[in-house]
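Student: Could we go through this structure together, one question at a time? I'd like to see how each answer is reached.

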Number of protein chains: 2
Amino acid sequence: MERTFAARGDIYYTESPSVARAVRDGWLVVVDGKVEGVWQRLPERYSHLDVKDFSGKLVIPGLSDLHVHASQYQFRGLWMDEELIQWLNTHTFPEEARYRDEAYAGKAYGIFVDDLLRSPTTRASIFATIHADSTMVLCRKLEEAGLPCFVGKVNMDRNSPDILCEETGQSIRDTLAYIDEVTSTCSLVRPVVTPRFIPSCTDGLCRALATIADERNLPVQSHLSENLGELEWVKELCPDSTSYADAYRALGLWGGRRTIMAHCVYSLGHEEEMLADDDIWIAHCPDSNTNLSSGLMCARYYLDRGCRIGLGSDVAGGTTLSLLRSITDAIKVSKMYWRHVDQSMKPLCFREAFHMASVIGGSFFGDVGTFLPGYEADIVVLDDSTLPTTIENLGVEERLERYAYLRPEAPVAHKAVAGRWLL
Amino acid sequence: MERTFAARGDIYYTESPSVARAVRDGWLVVVDGKVEGVWQRLPERYSHLDVKDFSGKLVIPGLSDLHVHASQYQFRGLWMDEELIQWLNTHTFPEEARYRDEAYAGKAYGIFVDDLLRSPTTRASIFATIHADSTMVLCRKLEEAGLPCFVGKVNMDRNSPDILCEETGQSIRDTLAYIDEVTSTCSLVRPVVTPRFIPSCTDGLCRALATIADERNLPVQSHLSENLGELEWVKELCPDSTSYADAYRALGLWGGRRTIMAHCVYSLGHEEEMLADDDIWIAHCPDSNTNLSSGLMCARYYLDRGCRIGLGSDVAGGTTLSLLRSITDAIKVSKMYWRHVDQSMKPLCFREAFHMASVIGGSFFGDVGTFLPGYEADIVVLDDSTLPTTIENLGVEERLERYAYLRPEAPVAHKAVAGRWLL
């Protein structure tokens, strides 16, 4: 039977932020692409299944990237001495404009998808550019690679350089055409409505996009409260709103459907109730928030409150697609928040951050991100044998922590999505 | 002629924190292990030299690690959910105690030296453990690898677990014997007097070590103002001192000789004048300060004041030996310091942090860390061709920045120390 097997290895997954299960030399059984369960010994009733032997390797759920700009991947790790708005204008927008050329998009998105495939990420919610045709190039490459991502054609019709500024009507028409094409030609990849952020979208465009999301039953993704300069700008643009989130709500782009808001660095004290009450997925992007000097985000608050806070690589504000790196970056940021901002907010521990990257992020995509029965069998296999040490008898969680700190960007050994092996 | 050649490649080095020189497809000429100069075209008078062709690769000065615990390398990336004092007692001290066994030391230091050799570091100032014999094992391995490091047998005679606590007289005798053995058997590796930190050294031991440093004309290394808990502890132990630094001064362990103080996170406002006036080398260890929740260090203050502030990996508070990673970590920490502590302290830029890791760190070891004429030819060659991108015509500094963010831990392609090729 297809997508049905028993995988042997050192298995780790979380059930809650504080509860993890680690089974050394255990068995993960997958039937028809879904998890049956994890056992120390393979139950007799599964003894006829194909065996995938990953003995001695780490077997973890695939991770979900809640925020990544595929169109910025080519300049990851460059020009990091600049702050958000300058960096957008000097480097990001000119580079995104190049994606009007489908040939360029093919080459650039090819590199992105190759690297995403080899990363620990199995699902991602992606920003492309304003260009519907080249965004379809990205969708087709993800579909071919077998990665079930949400991909957004970006909308921008104000405060943007001419070469990247859409006419409102055209932006709406292109979005509809893009949605039709993705849904009719892709089975894994799905569209997501993607207003870039309030400063680059007119009220009319925002309202039209909200209507599209409702009519087509689509999720929405955007940016929220990333940077102090951006916050001031939104205040000027939306003087009647009580917060940045409230401005989205007034435009119909807040809740009532699956919604990701990236960053939320400055939401505490202004709009944290709205994030919690309206079940928004928060994409916490620690590396980007540091690189762009945005600030220290308080993940602890949202996690303890039971909010849907997952992780985002936010390439190219972040430099790497590896969510294992985002996990350790989130821990580091939480330590500095505790030390320098609020000592009542204790640092994230490894298990909590892993839960954010796997289970909470995964929940945006369905029953994804853990090995509890019925979940999609998104599986990543990591080989930690290339990291020599004299320390023996490490537990599975310790080995995973070590791998996340030392080799987060190494290509994964194997990867499956919904039980289908891609690597 | 030995250690004499003309190396061709994309060359980068700094002359000051703000002045860098980048020569694409240039020539670095080395005669008898020392830099003659860097030229765009090879001068006729050097045309007879052996050519080392690194065309298309990055050629940079070797980096100097001002603070690293070789004896903690085996547990890098583990148990990062803990703060300094707990982490020391639970994991660090028990592991360091294992080095009483020379066979264990041989295995563990072998892994450390192998990885150091392949890192961008050419020189380091290293903490071993209290065990003189196994510290000699480390010295011999570094000597064989060709890495001219300072290595300290650590001194601890109070507030330490029994298995790692020396009797004062024995500590002094072992230190003298160690110094004699290193100086008589090694030509590259040199001893450095290494009281762990004030809490673990009695006044008598400190004074004796100060005398040894003076009589043998040796440098000193220790820890300073890393963590708030540690600061309180030193205050209790040294009630008559006006600061942690002042406590070292009262014991004869401050200045008047080459001295490294690691961390200095909480020196600003207490002892920054002493650091500046007494020409102390500050080992800024950004990754460790974050991992151990110590705090955000203000490198900008010391750099602008002209202090000797270099970088330290501080393995295993830090997770990696790569100072290219320390460079980007220092930038990140400086951004968060600017954002959350003091907006008059602008973030470090890449060039400044590179200068700290190369030239300022190198100055502890002599004329080391740049390609100005007369400097030791410590050379590291990096291959950035394995990082695909569609962005063309990047400058040499941009490529180096990108490499530092994306692949800091990749093994270097080639390495020379004082003109002798090790890789």
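Student: In which sense do strand E12 and strand E13 of chain A pair?
Tutor: Keep in mind that we are looking at a predicted model. Strands of a sheet pair through backbone hydrogen bonds, and the pairing can be parallel or antiparallel. Here E12 (residues 259-263) and E13 (residues 281-284) of chain A are joined over three bridges, and their sense is parallel.

Student: Which residue of E13(A) does A:Ala262 stand opposite?
Tutor: Look across to E13(A) from A:Ala262. The residue facing A:Ala262 there is A:Ala283.

Student: Which strands stand at the edges of this sheet in chain A?
Tutor: The open sheet has four strands in the order E11-E12-E13-E14, with parallel pairing. A strand at the edge has a single partner, so one side of it is left without a neighbour in the sheet. The edge strands of chain A are therefore E11 (220-224) and E14 (308-311).

Student: What is the average twist from one strand to the next?
Tutor: Follow the order E11-E12-E13-E14 in chain A. From each strand to the next, the twist averages 30°.

Student: At what angle to E14(A) does helix H12 of chain A run?
Tutor: Two helices of chain A lie across E13 and E14: H11 (residues 323-340) and H12 (residues 350-362). Helix H11 runs at about 120° to E14(A). For helix H12, the angle to E14(A) is about 105°.

Student: Is B:Ala124 buried or exposed?
Tutor: B:Ala124 sits in strand E6 (residues 121-127) of chain B. Beyond its close sequence neighbours, its contacts include B:Asp65 and B:Phe365. Buried means under 20% relative accessible area. Because B:Ala124 has 0% relative accessibility, it counts as buried.

Technical notes. Residues are numbered from 1 along each chain as its sequence is written. Chains are lettered from A and ligands numbered from 1 in the order in which they are written. This is a predicted model: local features need pLDDT of at least 70, side-chain atom pairs count only at pLDDT 80 or more; totals for chains, interfaces and linings use all residues. Side-chain values use heavy atoms; hydrogens and water are left out. Buried means under 20% relative accessible area, exposed over 50%, partly exposed in between (1.4 Å probe, protein chains only). Contact means heavy atoms within 4.5 Å. Two strands pair if DSSP finds at least two bridges between them. Axes are lines fitted to C-alpha atoms, for helices over the stretch in contact, and angles run from 0 to 180 degrees between N-to-C directions. Lists of a residue's contacts leave out its neighbours within four places in sequence.
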